[in-house]
Amino acid sequence: MTDPLAPVEKATAAPPAENTPDRNNNADRSESETDNRPELPNRMPVLPVRDVVIFNYTILPLFVGRDTSIQAVEAALQGNRYLLILTQKDEQVEKPGADDLHRTGTIVMIMRILKLPDGRLKLLVQGVSRAHALALAEDKNFLEAELQPLPEPENLPCGPAVEALMRAAREQSERILALRGMASPDIVNVLNSIEHPGRLADLIASNLRLKLSEAQELLECLDPVERLKLVNEHLTKEAEVASMQAHIQETAREGMDKAQRDYYLREQIKAIRKELGENSANDDNDISELAEALEKAGLPDEVRKEADKQLKRLSSMHMESSEAGVLRNYLEWLSELPWSATSRDRLNIVKAAKILDDDHYGLEKVKERILEFLSVRKLNPKSKSPILCFVGPPGVGKTSLGRSIARAMGRRFQRMSLGGMRDEAEIRGHRRTYVGALPGRIIQCIKQAGTRNPVMMLDEVDKIGTDYRGDPSSALLEVLDPEQNNSFSDHFLNVPFDLSKVMFICTANHLESIPSPLRDRMEVIHIPGYTMQEKLGIAERYLIKRQASENGLRNKDFHFEKDVTASIIKGYTREAGVRNLEREIGAVCRKIARKKAEGMKKCFTVSTATLKELLGAPRFLDDGPEKNTIPGLALGLAWTPHGGEVLNVEVSTMQGKGALTLTGQLGDVMKESAHAAVTYARSNAAKLGIDPKFNNRMDLHVHVPAGATPKDGPSAGVTMATALISALSATPVRSGLCMTGEITLRGRVLPVGGIKEKILAAVAWGIPDVIIPKQNNKDLEEIPGDLLAQIKVHPVDGLDEVLEIAFPEERKQHDAPRICVKKLAQTSSSMNRGLPKAGSRPNA
């Protein structure tokens with residue numbers, strides 16, 4: 001709390017001229033002053049002060065803020081303007097009483113008074129005489145004293161001893177002023193003009209840096225000669241301190257060159273410590289705390305050796321220097337890293353499996369791999385952690401799966417996004433020579449985790465960039481190599497750190513953009529887009545409940561009918577994951593929440609009929625595959641990031657000279673499949689019963705509808721060949737049949753990808769039969785049994801088998817297909833696209 005009675009500064013003014021004796025007529029003046037001295041009252045108001053002692057003839061300002069003190073000042077102003085100033089024994093007492101004050105004080109006269117805006121008073125007072133408080137009365141709102149003035153004795157015999165004391169006091173004062181660079185002829189003249197030992201002692205005492213108790217002792221000393229002796233003792237001590245201070249300043253100044261002038265104050269402090277033979281207690285405490293923290297950190301021997309070396313360097317430095325700050329930061333990082341702290345793995349396989357199943361629907365391969373790792377860790381605790389890489393489209397739960405894995409294993413989880421990273425120092429850290437250097441983000445994540453075996457997810461590893469600052473993907477080679485990361489060296493730490501216990505999980509959308517050396521170090525697990533059935537399961541188990549909770553709905557407030565979720569998936573989303581699905585469900589829940597807030601009491605039923613009212617018209621419309629097949633039309637299957645799709649492949653013939661036109665924004669691989677189909681038809685024309693010279697008589701046009709959507713891939717080869725032969729023979733393909741597979745010039749059917757998604761798409765559209773390559777039989781195990789039972793799968797090795805299934809009646813009758821020489825009727829208006837919309841690229 002600010003002292004309301006603290007003075008602005010120590011009094012430095014000399015006694016007023018009218019009270020300053022002249023050395024030539026001192027006796028006459030003293031007699032005159034004795035005769036003209038005003039008579040002081042025996043009772044006057046008391047002004048307690050905290051941290052100052054006022055001597056006779058001293059003029060100084062005081063700030064008065066306490067209510068009792070203000071009333072004492074007002075009482076003095078109404079009288080003779082005299083106050084008795086007594087110093088408090090304890091500065092902390094806010095309302096001092098009679099027992100809290102020294103009884104010997106100084107009578108002062110109020111010379112000037114100024115009222116400040118905050119209500120305080122600023123006084124200018126002059127000491128008049130010492131006084132002793134005989135009694136203190138507290139019956140008023142302020143203290144009042146019965147006092148006895150203690151006048152300064154006059155006409156003292158000025159013998160040699162007194163003269164010697166006065167000369168010594170003057171010389172010591174002049175010496176101190178010279179050492180401080182404050183020597184002035186005016187000050188010397190004032191000192192020489194005072195012939196009274198008591199007044200000289202009071203003047204010097206009022207300007208000395210005395211403790212409160214020492215100043216009070218001088219005030220209570222009534223004998224002027226004894227008082228001057230005490231002042232001389234204090235002057236001797238002050239002269240020694242000033243001399244030592246000047247010596248320290250000179251020593252520090254000589255020890256610095258021109259480049260060190262900015263460190264002048266720091267060198268002064270160092271010189272002071274050297275002269276005193278001690279170090280700063282705070283600095284010693286900092287170093288002791290660092291040493292204790294390093295001791296508790298469990299550092300390896302090599303790291304401990306480096307830490308001790310740097311700690312020794314730090315102890316010899318000035319703690320305010322920039323290098324000391326760098327070293328302190330370095331040692332703090334060493335002490336805070338979890339060199340030996342590990343979290344205990346949860347090795348209950350059944351419980352871990354339950355946690356994984358509770359958090360995520362499906363993803364059986366990933367869950368199986370994690371449980372395998374836990375099983376191996378249970379049997380061999382020293383086994384190395386795997387480096388996994390989850391590859392899949394956005395929104396399928398790669399990042400949340402990493403968090404779920406950490407929870408299942410009982411480990412801490414740390415996520416580090418690598419998307420857009422271009423600086424190698426983000427991985428390895430900066431060297432300590434740089435201003436603001438820090439360890440890399442790998443070490444930072446380890447520190448935040450607090451253990452040396454967290455689950456660390458490196459998100460978007462396929463989006464790392466490179467520039468002049470280095471290649472972060474190259475820096476990751478050491479991090480993600482189990483044979484090297486047990487001694488990972490960060491540029492900032494410059495000591496090895498063991499990362500072998502960390503379970504690294506990387507995520508990527510595209511495996512192709514990951515550098516080969518980095519990809520080779522990871523165990524890649526593909527996470528495909530969710531199928532319709534999986535999205536339904538996720539929505540029912542997680543999304544609807546979560547969105548209802550976030551929007552303040554209870555189970556009794558609403559009800560989703562059975563087909564509503566499927567309608568949202570088909571009509572309002574087109575994605576591999578479930579992010580947009582959750583947004584649409586959230587939109588429905590918000591609409592219901594508004595109705596509840598407006599006063600609706602009953603349970604709101606969400607049906608396919610009310611869905612348009614809640615979400616608007618469907619954004620995606622799929623009419624399904626063509627039901628009434630015509631010659632030249634075949635149904636294919638395509639894989640897209642958001643699931644399987646049914647494609648209509650159309651072939652038209654017209655009179656011409658063998659030109660082949662391909663439309664529908666087909667990719668290069670898909671165009672090659674069309675050329676391969678034409679070549680197969682020409683080379684096997686006799687076998688197929690078509691005119692071998694059809695290529696010279698007609699032009700062919702192959703079209704895959706939804707021309708705004710790019711399409712590519714080899715799996716449309718079987719479909720194109722079948723549609724081509726259907727057009728040339730003017731024979732429609734068997735109704736309710738779709739197919740996928742790559743063809744060769746000899747008619748072999750080769751395996752393709754995405755079988756699970758393609759067959760599920762066929763099931764969703766109610767197609768009863770599907771043709772797949774025989775080598776893809778193994779992929780049927782991934783399809784749920786109840787869905788697989790809804791469709792008949794025909795595995796084939798060659799096009800001959802495909803044509804037997806596609807044209808069963810013609811094959812049974814062994815009739816040669818007819819040559820179609822007329823252009824087929826236009827049926828494009830009745831064609832059903834069944835295609836993915838703009839923005840996706842189906843892999844046909």
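Guide: Helices (H or I, at least four residues) and strands (E, at least two) are DSSP runs, numbered from the N terminus. This is a predicted model, where local features need pLDDT of at least 70, side-chain atom pairs count only at pLDDT 80 or more, and totals for chains, interfaces and linings use all residues. Residues are numbered from 1 along each chain as its sequence is written, and side-chain values use heavy atoms, with hydrogens and water left out.

Visitor: How do you know that β7 and β12 pair?

Guide: Five bridges join strand β7 (residues 387-391) to β12, and the two run parallel.

Visitor: What makes β12 largely enclosed?

Guide: Buried means under 20% relative accessible area, exposed over 50%, partly exposed in between (1.4 Å probe, protein chains only). Six of the six residues of β12 (residues 503-508) are buried, so the rest of the structure largely encloses this strand. M503, I505 and T507 point one way, F504, C506 and A508 the other, and all are buried. In a regular strand the side chains alternate between the two faces of the sheet.

Visitor: Why is S288 called partly exposed?

Guide: Its relative accessibility is 45%, so S288 counts as partly exposed. S288 sits in helix α9 (residues 281-296), and its C-alpha is 9.7 Å from that of S315, 27 residues away in sequence.

Visitor: Which strands are the edges of the seven-strand sheet, and what makes them edges?

Guide: The sheet is open, with mixed pairing, in the order β18-β19-β17-β16-β20-β23-β24. Its edge strands are β18 (660-663) and β24 (792-796), as each pairs on one side only. Inside the order, strand β16 (residues 633-640) and strand β20 (residues 737-739) are parallel, paired over two bridges, with L635 opposite C738 in β20.

Visitor: How confident is the predictor in the protein?

Guide: pLDDT is the predictor's confidence in each residue, from 0 to 100. The protein averages 80, and 87% of the residues score at least 70. Residues 1-35 stay under 50, with 65 contacts (heavy atoms within 4.5 Å) beyond four places in sequence. Residues 811-841 are also below 50, with 79 contacts beyond near neighbours in sequence.

Conventions. Two strands pair if DSSP finds at least two bridges between them.
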